[in-house]
Amino acid sequence: MYRIAFAGYATVDIIENKRYFGGSAGTMSINATHLGIRSFLISILSNDAFGQWYKQKLARTEVDTSFCIDALHLPTCIIQNPYGKGSERIWSDNGANNSIGKLKINTAIVNKFDGIFVVNSHPDLGEKIAKFSKRT
């Protein structure tokens, strides 16, 4: 079984006052489990209501979150006019970006996976992963 990590944001998208599972890394990690891939998420989660809801969705599909750390709040993306052209998105990291530097990334962690997808990520996270990767 392939071991793939997805590094990037885990967010709650809010459309018409309803919450949806968002963030490319989180979404791709769940989709990968449906393809029979052992999926890992490298991200910032939280223990607030949004974070607990998000973690439950990840747990149901057995996404491994052992490489995630907690921040006070999960980032949100409020999507206005989702059905029109040029939908406006209001992004708030809710202070989560302050925790990016606390994510533990090193050569041993990076090279334990068959692949790592860095998607919709804070640039510092992508740079950390590239720095410790032995692959070209």
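Helices are DSSP runs of H or I with at least four residues, numbered from the N terminus. In this predicted model, helix α4 spans residues 123-132 and includes I129.

I129 is buried, with a relative accessible area of 6%; the cut-off for that class is under 20%. Leaving aside neighbours within four places in sequence, I129 is in contact with A7, I105, V110, I116 and V118. A separation was also computed between I129 and S29. The two residues lie 100 places apart in sequence and 17 Å apart in space, C-alpha to C-alpha.

The packing of two other helices was examined next. Helix α1 covers residues 24-33 and helix α2 covers residues 49-60. Their axes come within 9 Å and cross at roughly 25°. Angles under 35 degrees count as roughly parallel, and α1 and α2 are therefore roughly parallel to each other. From α1, the contact draws on G26, T27, S29 and I30. From α2, the partners are Y54, K57 and L58. By class, the residues of this contact divide into 3 nonpolar, 3 polar and 1 charged.

T33 also belongs to helix α1. T33 counts as buried, at 18% relative accessibility. Residues up to four places away in sequence aside, T33 touches S39, T61 and V63.

Strand β4 is formed by residues 38-42 and contains L41. The relative accessibility of L41 is 0%, and L41 counts as buried. The contacts of L41, not counting residues up to four places away in sequence, reach several parts of the chain. Among them are A25, G26 and S29. G26 and S29 also take part in the contact of α1 with α2. L58 of α2 is likewise touched by L41. Further partners of L41 include F6, A10, V63, D64, T65, F67 and C68. V63 is also touched by T33. L41 and I30 are 11 residues apart in sequence, with a C-alpha to C-alpha distance of 9.2 Å.

Rolling a probe the size of a water molecule over the atoms shows where empty space is left. The structure holds 1 cavity of 30 Å³ or more. About 50 Å³ of space lies in the largest cavity. Its lining consists of G8, Y9, S43, I44, I100, L103, S121, H122 and L125. In terms of class, 5 of the lining residues are nonpolar and 4 are polar, with no charged residues.

Y9, one of the lining residues, was followed in more detail. Y9 sits in the loop between β1 (3-8) and β2. Y9 is buried, with a relative accessible area of 12%. Y9 and S43 are 34 residues apart in sequence, yet their C-alpha atoms are 5.9 Å apart in space. S43 is also one of the residues that Y9 touches, not counting residues up to four places away in sequence.

Loop residues with positive phi were considered next. E16 has a phi near 50°, a positive value in a residue other than glycine. E16 is placed in the loop between β2 (11-15) and β3 (18-22). With a relative accessible area of 53%, E16 is exposed; the exposed class begins over 50%. Phi of N94 is also positive, near 50°, and N94 is not a glycine. The loop that holds N94 runs between β8 (88-92) and α3 (107-110). N94 is partly exposed, with a relative accessible area of 29%.

L72 lies in the loop between β6 (69-71) and β7 (76-80). At 71% relative accessibility, L72 counts as exposed. Not counting residues up to four places away in sequence, L72 touches S46 and D48.

Terms used. Residues are numbered from 1 along each chain as its sequence is written. This is a predicted model: local features need pLDDT of at least 70, side-chain atom pairs count only at pLDDT 80 or more; totals for chains, interfaces and linings use all residues. Side-chain values use heavy atoms; hydrogens and water are left out. On a 1 Å grid over the protein atoms alone, a cavity is a set of points where a 1.4 Å probe fits but cannot get out, and a pocket is an open set with protein on both sides within 12 Å along at least five of seven lines; lining residues have an atom within 4 Å of a point. Grid points are joined across faces, edges and corners, and a volume is the space filled by probe spheres set on the points. Ala, Val, Leu, Ile, Met, Phe, Trp, Tyr, Cys and Pro count as nonpolar, Asp, Glu, Lys and Arg as charged, and the others, Gly among them, as polar. Axes are lines fitted to C-alpha atoms, for helices over the stretch in contact, and angles run from 0 to 180 degrees between N-to-C directions. Angles under 35 degrees count as roughly parallel, over 145 as roughly antiparallel, 65 to 115 as roughly perpendicular and the rest as oblique. Contact means heavy atoms within 4.5 Å. Buried means under 20% relative accessible area, exposed over 50%, partly exposed in between (1.4 Å probe, protein chains only).
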